[in-house]
Amino acid sequence: MKHIRQTLLSLSVLAFTACSVSVPEHASRNGRNAVTFPEYDDAVIPPNIAPLNFLIEDSADDYITHIYTASGQSETVVGGSRVEISLDEWRNLLAEAKGDTLYTDIYVKTNGAWSVCNTRKNPVAEEEIDPYITYRLIEPSYVDYEEMTLNQRNLTDFEEVQIYNNMMLSNGDNGQCVNCHAAQDYNRTGRSQFHVRQNHGGTVLTDGKNVKKVNLKTEQTLSAGVYPAWHPTMNLIAYSVNETGQVFHTRDLQKVEVIDFASDLILYDADSDRVYDIDRRADEFETFPAWSPDGKMFYYASAHYEQQTDNIDAELDANYTQLKYNIFSRKFDSQTKKFGVRDTVLLASRMGKSAVLPRISPDGRYLLCAMADYGNFHIWHKSSDLYVLDLKRGTSVNDTCASSAEAQCRFYPLSEANSDCAESYHSWSSNGRWILFSSRRIDGNYTRLFISYFDKNGRAHRPFVVPQKNPEFYRQLFKSYNVPEWMVAPVQPSPVDYVESVRKDAVQAAYSGSSLLVPSADDAPSSRRPVDAASGASQRAGSRVGY
């Protein structure tokens, strides 16, 4: 028996030795950069991100990848073209490389000889990312919207769960369209919301324990709530209300244009279930609300357009490139829950551009926006890039300085984060050091999520795509990511809790007039296209849109 045990032990050691992978002792430098997918080289990464698994796509007979820290105390070696890194080993690497650099050497074997590619470097930041993000996974189609989910991802590992599945209550032609999950203050309070359109429609809200469904559409408002913005401390949500449609092109490479044929802003008091007007000017298309971190300032985008005929649809179908959105703000009084007069923040139209989605950094210093040649639905615009306005250097860009050197100094593109494809929806991490945004840079068709480090000098760094356990994931998933948001804590209600609430009748919100400190005639209720879609934004028949 002793002899048998010794023999088995020897065989086990031989098997382990045969299967183990080590760095080649004799390898020449080939002077090439390894071709990998996804590309993570040179990206600044957080010290708590999941492993950056990837594929090696160089043509070779064999591959070995060596990942190590500057001191060499932590390292991992992976064999083969499919580089999947142990979570424990990866965390050890990041812990040692925090505030320093992580190095990767890729060895390739050709004709029996090993060579090593140029060393890849990934600076590891001191600041962590928020562990959770939410988003919608959606087919990039124009009519079908049944197979859609609201998901939550843990960025420190690969755990992904569904918050709500669009198919849970779909019944034949009585389908649903879920969108716009948003949390208050990075979900620190447990409050969050999302919309359900069509069947069992309404806005679903939770305080972390209880769930309720509300109908935000009233006779006096254009539609139910669309794009949300939670006040950071109060149980208030600002919404745009939109009548949205799609225009299809035959010769333009950008095949789809999404247009707001009318849009306003409302304020919803979730404690009293009351709705108030914020902006509803007939010649302004207000959209994409946002709050400052202290809740004292309210920001939004708006395009000025004066209707010329009785057919606004035909007008905008022909003149959609003339819609240029600027960014405005209003002071907010938390005691009276009233908004002050409108102030101009950024006149993008003076630059021949259109700026949307203003988002304020947690320290209140920077305004991040997406800017393209025209329109507001920049997810379809190849010209769309991310820009930053340094509010510390001034909060207003007026007619004189909009094109001056001063404006360019405090309003500038995030060149390191931008690409030749559309960069659109974006959000700040809770510490202001990371930007999460959507981009089509991988293949030009599907929207993926990227993360860029934003340093203390206001400079973005090379971004990286959200990592997946399967490095081929983005070539196998034929869905787009939509409306990504950071969270410091996970969503608490289960999908079953949400389904039970969605099945119930919605609480009807009551219209309570203007929330402006000094209402003007322009903000009085005006004649607009009647909207019957109490469960959501008005849309043209057969269209399905969602940022």
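Select Asp62, which lies in strand S4, residues 62-69; strands (E, at least two residues) are DSSP runs, numbered from the N terminus. The model is predicted, so local features need pLDDT of at least 70 and side-chain atom pairs count only at pLDDT 80 or more, while totals for chains, interfaces and linings use all residues. Residues are numbered from 1 along each chain as its sequence is written, and side-chain values use heavy atoms, with hydrogens and water left out.

Is Asp62 buried or exposed, or does it fall in between? Asp62 counts as partly exposed because its relative accessibility is 32%. Here buried means under 20% relative accessible area, exposed over 50%, and partly exposed in between (1.4 Å probe, protein chains only).

Now show what surrounds Asp62. Leaving aside residues up to four places away in sequence, Asp62 touches Gly80, Tyr107, Val108, Lys109 and Trp114; a contact means heavy atoms within 4.5 Å.

Next, select strand S15 (residues 202-206) and strand S16 (residues 211-215), which pair in the antiparallel sense over four bridges. Two strands pair if DSSP finds at least two bridges between them. Strands of a sheet pair through backbone hydrogen bonds, either parallel or antiparallel. Thr206 has Val211 in S16 as its bridge partner. Four residues lie between the strands of this hairpin, and Gly208 takes a positive phi near 105 degrees.

Look for Val214, which stands opposite Val507 in S35.

Move on to an open sheet of four strands, ordered S26-S27-S28-S29 with antiparallel pairing. Its edge strands are S26 (354-360) and S29 (411-413), each pairing on one side only. Strand S28 (residues 385-390) is joined to S29 by three bridges, and the two run antiparallel. Val388 stands opposite Tyr412 in S29.

Last, select the cysteines. How many disulfides does a search of the whole structure find? The search finds zero, where a disulfide is a pair of cysteine sulfur atoms within 2.5 Å. The sulfur of Cys177 has its closest cysteine sulfur in Cys180, 9.0 Å away, which is too far for a bond. Cys177 counts as buried because its relative accessibility is 5%. Cys117 also counts as buried, at 0% relative accessibility.
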